[in-house]
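Here is a short report on how one protein chain is put together.

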Amino acid sequence: MTGAVLRLDNVGVRIGSAQLVRDVTIDCPAGTFVGLLGPNGSGKSSLLRTVYRALPPDSGAVLLDGQDLLRELSARQAARRVAVLAQEPAHEIGFTVEEVIAAGRTPHHGAWARWASADRAIVTQAVATVGLTGHEHRPFSALSGGEKQRVLLARALAQQPSVLILDEPTNHLDIGTQLGLLALVRGLGITVLAALHDLNLAAAYCDRVHLLQDGALVAHGTPGEVLTPALIADVFGVTAHRVAHPDTGRPHLIFADPVSPSREDNS
């Protein structure tokens, strides 16, 4: 798998009378890990849904290697290029690990096509990539939360995408599983656009980050350029002290009290 160039070009998202996202432009060079940050309700998930075609943009375009994802590619063509690990709970009750992962081959052949030996090899490789070899016949419903996330990631990898969309992929996972999942994703070599709540995870794994507030883009750049105490106080309303991580040198944030209105007025 290799990464594609993904560009969200002046994308706006409206549902009814509510403008959820306004004129957001994001560039994801091939093979980069790009983070989408912002408070709850800032438009992160709405923006990601435009990339995996669950929510059409009201304005602007989503471009994949220069092609309009909605206007120039069919749903099946798009699914061969873009895979998603979404935050909605999975409903694969009654299926085995292998059956869930094998569903990732559907965009290439259809739901009822006979498997070729190449498809089986791709599924086997996806299982191995996420560290679940030997668990193929376990019921999906019997897995832990972290194991389920790895299965769903393997299903996405079985699509052989050039772009992977992650919507809060570390929710409800313990810290070891969070770190392992993001390290695995970062090592894939494909283009990744991920909505993340944890700013320290974003600082540790993202090449670039984009910060949303009230549906608008307020900052973008490297984690060091964007994750400043002043901007964090303004957007998230909390006090943050920034230090260098002792192992990586990347920014690491230590959070203190919420920013009070009186402190903001006196600053």
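## Sheet and core

Six strands make up an open sheet of mixed pairing, in the order S6-S7-S8-S3-S9-S10. Strands pair if DSSP finds at least two bridges between them. Helices (H or I, at least four residues) and strands (E, at least two) are DSSP runs, numbered from the N terminus. S6 and S10 stand at the edges with a single partner strand each, so one side of each has no neighbour in the sheet.

This is a predicted model: local features need pLDDT of at least 70, side-chain atom pairs count only at pLDDT 80 or more, and totals for chains, interfaces and linings use all residues. Residues are numbered from 1 along each chain as its sequence is written, and side-chain values use heavy atoms, leaving out hydrogens and water.

S7 and S8 pair in the parallel sense over five bridges. Leu166 has Ala194 in S8 as its bridge partner.

Contact means heavy atoms within 4.5 Å. Angles run from 0 to 180 degrees between N-to-C directions, with axes fitted to C-alpha atoms, for helices over the stretch in contact.

| Helix | Strands | Angle |
|---|---|---|
| H6 | S6 and S7 | about 170° with S6 |
| H10 (residues 229-236) | S9 and S10 | about 35° to S9 |

Now the core. A nonpolar core joins buried (under 20% relative accessible area, 1.4 Å probe, protein chains only) Ala, Val, Leu, Ile, Met, Phe, Trp, Tyr and Cys residues through side-chain atoms within 4.5 Å. The largest has 49 residues; Leu37, Ile101 and Val192 are among those touching the most other members. Helix H6 (residues 145-158) gives the most, seven residues.

How values were computed: Buried means under 20% relative accessible area, exposed over 50%, partly exposed in between (1.4 Å probe, protein chains only).
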